[in-house]
Amino acid sequence: MMRAVVYRGANDLRVETVPVPKIGPHEMLVKVAACGACPTDIKKIQYATVPPPRIFGHETAGVVARVGAKVKRFRAGDRVALHHHVPCLDCHACRHRAFAQCEQYKRTGITAGFEPAGGGYAEYVRVMPFVLPGVVKIPDRNSFLEGAMLEPVNTVLKAVKRLALLKGDTVLVAGQGPIGLMFTRLLALNGMKVVATDLFETRLRIAKEFGATKTVRIRSANYANHAKTDESPHPSPVTRHPSRFDAAVIAVPSDAVVREALELVRGGGQVLLFSHTRRGAESEIDLAKICVDEKDLIGSYSADFLLQKEVARLVFSRKLDVRRLITHEFPLEKTAEAVALAAKPTAESLKVVVTQS
Ligand SMILES: [Zn+2]
Ligand SMILES: [Zn+2]
C-alpha cells in the first residue's frame, strides 16, 4: 500500500492509502520525488470539471523502482522525468503536428490508480507503454525539481515555436508567473526584445534577470482577474508607452489583456493565448482587427513530444534556469496547501512543487 492524495470532488483533496500500482511487462513503476502544481490540474480540482476519484499531478520526476521484463531502455535506480501524454505520430491530427488533438495523446499514460490523471501526488506511479518514449533521464548534476519542470517548459517552447518571429522582434509577455517567465527567457534566448508586464515587482525583477528588455508594473487588479471583473484596463502603463509589438503572449487569464494586446500588436502580428483554458467564457473582440489588420489570434495548449530533447537541453544546461522559478516545496500530506497557494499566488510565490524523499 502507499499514500496518495485523492481528488474526491470540487476542492476536496484527501490523503488516503491506496494500493501500489501493478505493472505489466512493458511498463515501469516510478517512485515519485517531485511533482509540480500545474494550473491545468488546479482548475480541474477547483471547478470539478472531471469526475472524481482521481489522483492528479503530471509534472513528475522520480526514481525507477521496478521495470517490466520487456522494458529495455530503463533500469531500477534511474532518475527520470516523466511525460504523461505522447501522440501516436500517425493519425490525421499528428500528420498536421496537432499532437494535442490526437486521440492517443488525449489518453493519460501515467497513473497512481483510478481514472489515469498523472498520479504524481502519490508515492508511486505506473508508466504505461505508450508514454515510455517521452521519459527522459535526469543527469547526475540536475535535481528532481529540475526534472519535474520539463513538462511546463515543453508547453512554453511549443508555444514559442507557434510565433512567426524574426530575430530582434519585440514581444509583449503579459503575466510573469512561472509560465510567463519561461516565455520571457525562451524569447530572450531566441534574440527577441521582451517587454514583460506583471502586478508584482518581485516577478519583474526576475523577468529582467531572464533577459526582458523592459518591464512594466501593472497596477490595475483587473489585469490579473478573469472575465467576471473584466473592464478595460486602459490606460495601462503599456498603452501609455506604445511600442510596435510583433507579437503578444497572454499568460494571464484576462480578456481585457487580450483586447489590449490586439490593439498593441502591429498589423500582421500575433496574439497567443496560453492561459484561457476554461471553457464557456465568451468574449467580445473587434473582428476587423483580424480580418483587415491581419492580426492572428492563436492559442497553444499542452506539450509537443518531439521537442522533449531540446527542452531537456535547455533545462539541464540551465540556459533556462528553472531553479529560479521554484519558490515553494510542500510534502505530500500538504498537497492541498500547495494547490491552494498555486491557485492564489502571492508576490513571493512562483512555482509550487510537492516533494517526497
Ligand atoms: Zn502542467
Ligand atoms: Zn495521433
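Modeller: Start with the whole. Of the 357 residues in the protein, 49% count as buried. This is a predicted model. The protein has 12 helices and 16 strands. Its radius of gyration is 20 Å, which agrees with the value near 21 Å for a compact globule, because that is what 357 residues would give. The C-alpha trace spans about 60 × 40 × 40 Å along its principal axes. Among contacts between residues at least 6 apart in sequence, 66% join residues at least 24 apart.

Now the sheet. It is open and built from 6 strands, in the order E11-E10-E9-E12-E13-E14. The pairing is parallel. At the edges stand strand E11 (214-217) and strand E14 (296-299). Each has a single partner strand, so one side of each is left without a neighbour in the sheet. From one strand to the next, the twist averages 20°.

Look inside the sheet at E9 and E10. Strand E9 covers residues 170-174 and strand E10 covers residues 193-198. The two run parallel, joined by 5 bridges. Thr-170 stands opposite Lys-193 in E10. Helix H6 (residues 178-189) packs on the sheet. H6 touches E9, E10 and strand E12 (245-250). The direction of H6 makes about 165° with that of E9.

Next, a helix elsewhere in the sequence. Helix H11 spans residues 308-316. Its buried residues are Gln-308, Val-311, Ala-312, Leu-314, Val-315 and Phe-316. An α-helix has 3.6 residues a turn, so residues three or four places apart point the same way. The buried residues of H11 pack against strand E8 (136-137), helix H4 (144-148) and helix H5 (150-161). Just after H11, Arg-318 takes a positive phi of about 65°.

Last, a single residue for contrast. Tyr-124 lies in strand E7 (residues 124-127). Tyr-124 counts as buried because 22 C-beta neighbours lie inside 10 Å, and the cut-off is 20 or more. Leaving aside neighbours within four places in sequence, the contacts of Tyr-124 include Met-2, Val-20, Pro-21, Leu-29 and Val-30. Lys-31, Val-32, Ala-65 and Ala-112 are also in contact with Tyr-124. Val-64 is 60 residues from Tyr-124 in sequence, yet the C-alpha to C-alpha distance is 9.5 Å.

Conventions. Residues numbered from 1 in each chain as written. Chains lettered and ligands numbered in written order. Predicted model: local features only at pLDDT ≥ 70, side-chain atom pairs only at ≥ 80, totals over all residues. Buried ≥ 20, exposed ≤ 12 C-beta atoms within 10 Å, placed from the backbone. Helix = DSSP H or I, 4+ residues; strand = E, 2+ residues; numbered from the N terminus. Contact = placed C-beta atoms within 7 Å. Pairing = 2+ DSSP bridges. Axes fitted to C-alpha atoms, helices over the stretch in contact; angles between N-to-C directions. Rg over C-alpha atoms; globule rule 2.2 N^0.38 Å.
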